[in-house]
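Good morning, and thank you for coming.

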Amino acid sequence: MEFVTVLADKQVKIGEDVTLRCETNTDKLTATWEKKGQKLCCVEGKHKTGKIGTTFFLEIKNAEIGDEGNYTLTIKSNSESTSCSAMVTVELKEWRTVQWKQHPMISALKGFKISSVDVRELRFLLHGPVGAGKSSIINSIKTIFEGHQYINCLTASALTGESFTTKFEKFNVGNVPFTFYDVMGLEEEEHKGMHPDDIKSVLKGHVPNNYTFKARAPIDEDNRHYILNPTLNDKIHCLVSVIAADKVTLMKDEVIQKMRTIRAAASKLGIPQVVFMTRVDEVCLMTQQDMTKIYKSKKIKEKMTECSNRLGVTMNCIFPVKNYHEETKPSEKLNCLMLEAFTQIVHSADDFVQKNSHKEKNVE
Ligand SMILES: Nc1nc2c(ncn2[C@@H]2O[C@H](COP(=O)(O)OP(=O)(O)OP(=O)(O)O)[C@@H](O)[C@H]2O)c(=O)[nH]1
Ligand SMILES: [Mg+2]
């Protein structure tokens, strides 16, 4: 007794029907279906199971969100049994749209003029746990604007638990007036990783480029590198919190708390904030295979909701993105998803400098 063909993964739109089937080499079998490891509870008018010759099938009618999951068929004859499984993914109605053409977005950003003449470049700070994908975001954006895969901005191995980035490093992007700062990852222990007080000093513009952070000694006025009277040019104009989709569930409360503290400090300074949720390909196969389905994915929505709840931010501030990591070929879809998120932070940062340059002028 064996399978001749096994169950195949299926994607189905809400309201449509889907059938899982597989062929065996004999019809003298008993078959049981399971969903997510539990015996499938057949609902009248919803599920239909059966057998045509040696082919077993399960029909699911009028697919709903709840039908998503892993289905297993176990066949038995005498004392032998064997099984196979497949994943049914239910596509949601697209709940956010993305422009899947990169050129209009790239040229809009290349031609972008900062609203305030006093500000030379918009400055973004990326913060988040170790290995969240902060450096990879910079790599991806550089790849988009510079047209080649950028590998100088080192990324840590996903496996090492300790942060790779220790300096307050500035990364320029192509010929556009946008700069990124990537700081050491936040770690759970009090004295490890980036100190939240250092991040607050960075936000306010007190930390010079290339300053090396010391985990146990946050920078203060007594430090000779400290910028005493920062101008709008020295400040951070938008804070980007980075969280990996596949790690949000396991993130320690201590790390979340550190992130919330930093966000609160940014809010107090009026600095706009967004969340980039990376590694979307690690949590959703449908998205990994076809990026344009990202806003139809239940899994992605679940992970975004989790980010929203844990960090206390609204869904419209969360942008799921995928970074260049293994791919060698440029991908327009990957670029578009990143460009949508990037365009958003550029506009938020620009609003911030516009508001604050008026304030600085009024003070003078
Ligand atoms: N599959 C996948 N892997 C990613 C993605 N983004 C980043 N990675 C991988 O995740 C790992 C961590 O990424 P980094 O960019 O080094 O993370 P980081 O936040 O800079 O880490 P620290 O500097 O140590 O705090 C690397 O191995 C990346 O290749 C993504 O979108 N998808
Ligand atoms: Mg890094």
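Before the first contact, a word on terms: an axis here is a line fitted to C-alpha atoms, for helices over the stretch in contact, and angles run from 0 to 180 degrees between N-to-C directions. Please also keep in mind that this is a predicted model.

Let me begin with the chain as a whole. The protein chain contains seven helices and 14 strands. Its C-alpha trace spans about 85 × 45 × 35 Å along the principal axes. Of the 364 residues in the protein chain, 49% are buried. Among the contacts in the protein chain with a separation of 6 or more, 69% are accounted for by residues 24 or more positions apart.

I now turn to a pair of helices. Two packed helices are described by the angle between their axes and the distance between the axes. For helix H4, residues 253–268, and helix H6, residues 298–311, the angle is about 70 degrees and the axes lie 10 Å apart. Angles of 65 to 115 degrees count as roughly perpendicular, and H4 is therefore roughly perpendicular to H6. On the H4 side, the contact is made by Asp 253, Ile 256, Met 259, Arg 260 and Arg 263; on the H6 side, by Asn 309, Arg 310 and Leu 311. Sorted by class, the contact of H4 with H6 has four charged residues, three nonpolar and one polar.

Let us stay with H6. This helix has 14 residues, and from its first C-alpha to its last it reaches 20 Å, close to the 20 Å expected at 1.5 Å a residue. Which residues of H6 are buried? They are Lys 298, Ile 300, Lys 303, Met 304, Cys 307, Ser 308, Arg 310 and Leu 311. An α-helix has 3.6 residues a turn, so residues three or four places apart point the same way. What do the buried residues of H6 pack against? Their partners are H4 and helix H5 (285–289), together with strand E8 (80–91), strand E12 (238–244), strand E13 (273–278) and E14.

That brings me to the sheets. One open sheet has six strands in the order E10-E11-E9-E12-E13-E14, with mixed pairing. At its edges are strand E10 (169–173) and strand E14 (318–320), each of which pairs on one side only. From one strand to the next, the twist averages 25 degrees. E10 and strand E11, residues 176–182, run antiparallel and are joined by five bridges. Within this pairing, Phe 171 stands opposite Phe 180 in E11.

Another open sheet has five strands, ordered E1-E8-E7-E3-E4, again with mixed pairing. Strand E1 (10–13) and strand E4 (38–39) stand at the edges with a single partner strand each, so one side of each has no neighbour in the sheet. Strand E3, residues 30–35, runs antiparallel to E4, and two bridges join them. The bridge partner of Lys 35 in E4 is Gln 38.

Is Thr 287 buried or exposed? Its relative accessibility is 1%, and Thr 287 therefore counts as buried, the cut-off being under 20%. Leaving aside neighbours within four places in sequence, Thr 287 is in contact with Val 280, Ile 294, Ser 297 and Ile 300.

Glu 187 lies in the loop between E11 and helix H3 (196–204). With a relative accessible area of 8%, Glu 187 is buried. Its C-alpha atom is separated by 8.9 Å from that of Gly 128, although Glu 187 and Gly 128 are 59 residues apart along the chain.

Finally, backbone angles. Most residues other than glycine have a negative phi. Asn 62 has a phi near 50 degrees, a positive value in a residue other than glycine. Asn 62 is placed in the loop between strand E6 (55–60) and strand E7 (69–77), and at 47% relative accessibility it counts as partly exposed. Asn 210 also has a positive phi, near 70 degrees. The place of Asn 210 is in the loop between H3 and E12, and its relative accessible area of 46% makes Asn 210 partly exposed.

How values were computed
Residues numbered from 1 in each chain as written. Chains lettered and ligands numbered in written order. Predicted model: local features only at pLDDT ≥ 70, side-chain atom pairs only at ≥ 80, totals over all residues. Heavy atoms only, no water. Helix = DSSP H or I, 4+ residues; strand = E, 2+ residues; numbered from the N terminus. Parallel < 35°, antiparallel > 145°, perpendicular 65-115°, else oblique. Contact = heavy atoms within 4.5 Å. Nonpolar A, V, L, I, M, F, W, Y, C, P; charged D, E, K, R; others polar. Pairing = 2+ DSSP bridges. Expected span 1.5 Å × (residues − 1). Buried < 20%, exposed > 50% of the residue type's maximum accessible area, 1.4 Å probe, protein only.
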